Amino acid sequence: MKNQNPPPASGCYVNRELSWLQFNGRVLEEAEDPAQPEEEIDPVQAAEMEARQKEAARLLAQKGLTKQQKEALSSRMGKDESLFCLLKEGELTRADLVYLSLPNGRFDRLDRYSAWAAEHPKDGAEEVVLQVNMDQDQGFYSLIWETADPSSLTVLVNKHYTLSASYVPQLEALGRDYGSGSLRPEAAQAFRAMVDGAKADGIALRSVSAYRSYNQQKNTHNRYLKQYKQAVVDTFSARPGHSEHQTGLALDINVASSSAHFENTPAFAWLKEHCAQYGFILRYDQGKEDITGYRFEPWHYRYVGVETAQAVMEQGLAYEEYLALQPS
Ligand SMILES: [Zn+2]
C-alpha cells in the first residue's frame, strides 16, 4: 500500500509509517509479558472483538487465502481495530494480508515487505518478513535509529540501532577474581555465577573487556581506522554508539582476538553449552556474519536473561533472528 492520502472522514485511518523504533526494546517485553489474559477484557470489548472477528472472516473469504491464513487474520483483526478498519476499507492487498497472517508480520513494515519481495521474487512470505524484520533491507549503518529503551535487558544494539553518546548504565565492578571491568548489576551477578559454575567444571573464565563508554569505543574504533579501511574495521569493531559493550550487558571472555582461536578451547565448548543457563548468548556466531555484520567472535557474550538466552541458544539463532521471529 502506498497510500499517502489524508485520513478519511470515517476515522478509520491508521498511520502505517509508524516509527520503526517503536519495536526495538519493546518487542521482547511484549512477547514475554503474560499480562494480556483474555479474562481481563470486559464483556463489551469481548463482544466487539467477536463481531470484528466475524466480519473480518466474512471479508477475507474471497481473498484467495488459506484457511489457516484467514483464521490468523480474523483473530488478529478481532483484537486490532485499526487493522480491521484497513481491511474494511480495502486498503490491504492480498500480499499485505499474507504478511499479516504471520505471527511476526508487522503492520508498519508492509511497504518494506513489498519492496523486498519485488527484489527477491524467490523468497516466500516467511522469508520476506524475517529478512525485513532483521533490517536486512537496509545496508549496515545506512539507516540508523536510536534505541527506544536503552536500559532494557533485551535491548538490541547493532549496526542499525544506536545508543546515545550520553547513555551510561548503572554499573558494578566484576571483582578481582572475575577479571577486569564492570557490567550492569544483573549481568555482573550472572557472570560471576557463570565463572563459579565453570570453575566447578575445571574451566577458568575471566572478563578481559566488559562495559565500554561511548568515548572509549570511539577511541578504539578510530585507532583501528588508522590501520585499516572502514569496511574492514566494521567487520570487527563497532562504531561508537553501536557497541553492545556500551549497554553494560556484554563482555569479552578470556581473549578478544581471532588469532587466539578461542573457538578451539575447552572454555569455549563449556560456554557454548552452558552460557544460556546464566542468561548469556554467543552474540556473533559463525555463519551469522551476514546478519550481525561481524566476524565470528567466540569470546563475546551478551546478557539477555535466562529465558531469552535459552531460546536463542537452543535454536541456534542470531539475536537479530530471534527478535525478528517474535510475534508482533
Ligand atoms: Zn566484545
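This is a short tour of a predicted model, stop by stop.

Local features are taken where pLDDT is at least 70, side-chain atom pairs count only at pLDDT 80 or more, and totals for chains, interfaces and linings use all residues. Residues are numbered from 1 along each chain as its sequence is written.

**Stop 1: the largest nonpolar core**

Select Leu183, Phe191, Met194, Cys275, Phe280, Ile281 and Tyr301. Of the 44 residues in the largest nonpolar core, these touch the most other members. A nonpolar core is a set of buried Ala, Val, Leu, Ile, Met, Phe, Trp, Tyr and Cys residues joined through C-beta atoms within 7 Å. Buried means 20 or more other C-beta atoms within 10 Å of the residue's own; exposed means 12 or fewer; partly exposed is in between; C-beta atoms are placed from the backbone.

Now color α8 (185-200), β6 (250-253), β7 (280-282), β8 (300-303), α13 (306-315) and α14 (319-325). Each gives two or more residues to this core. The largest share, 7 residues, comes from α8. Helices (H or I, at least four residues) and strands (E, at least two) are DSSP runs, numbered from the N terminus.

Center on Ile281. Leaving aside residues up to four places away in sequence, Ile281 touches Cys275, Ala276, Tyr301, Arg302, Val304, Ala309, Val312, Met313 and Tyr319. Contact means C-beta atoms, placed from the backbone, within 7 Å.

**Stop 2: the second core**

Select Leu73, Val98, Val128 and Val132. They are among the 20 residues of a second, separate core.

**Stop 3: α6 and α7**

Show helix α6 (residues 110-119) and helix α7 (residues 125-133). Their axes come within 9 Å and cross at roughly 115 degrees. Axes are lines fitted to C-alpha atoms, for helices over the stretch in contact, with angles from 0 to 180 degrees between N-to-C directions.

**Stop 4**

Most residues other than glycine have a negative phi. Step just past α7 to Asp135, where phi is about 65 degrees. Asp135 counts as buried, because 24 C-beta neighbours lie inside 10 Å.

Finish at Tyr141, in the loop between α7 and β1. Its phi is near 60 degrees, also positive. With 15 C-beta neighbours inside 10 Å, Tyr141 counts as partly exposed.

How values were computed: Contact = placed C-beta atoms within 7 Å.
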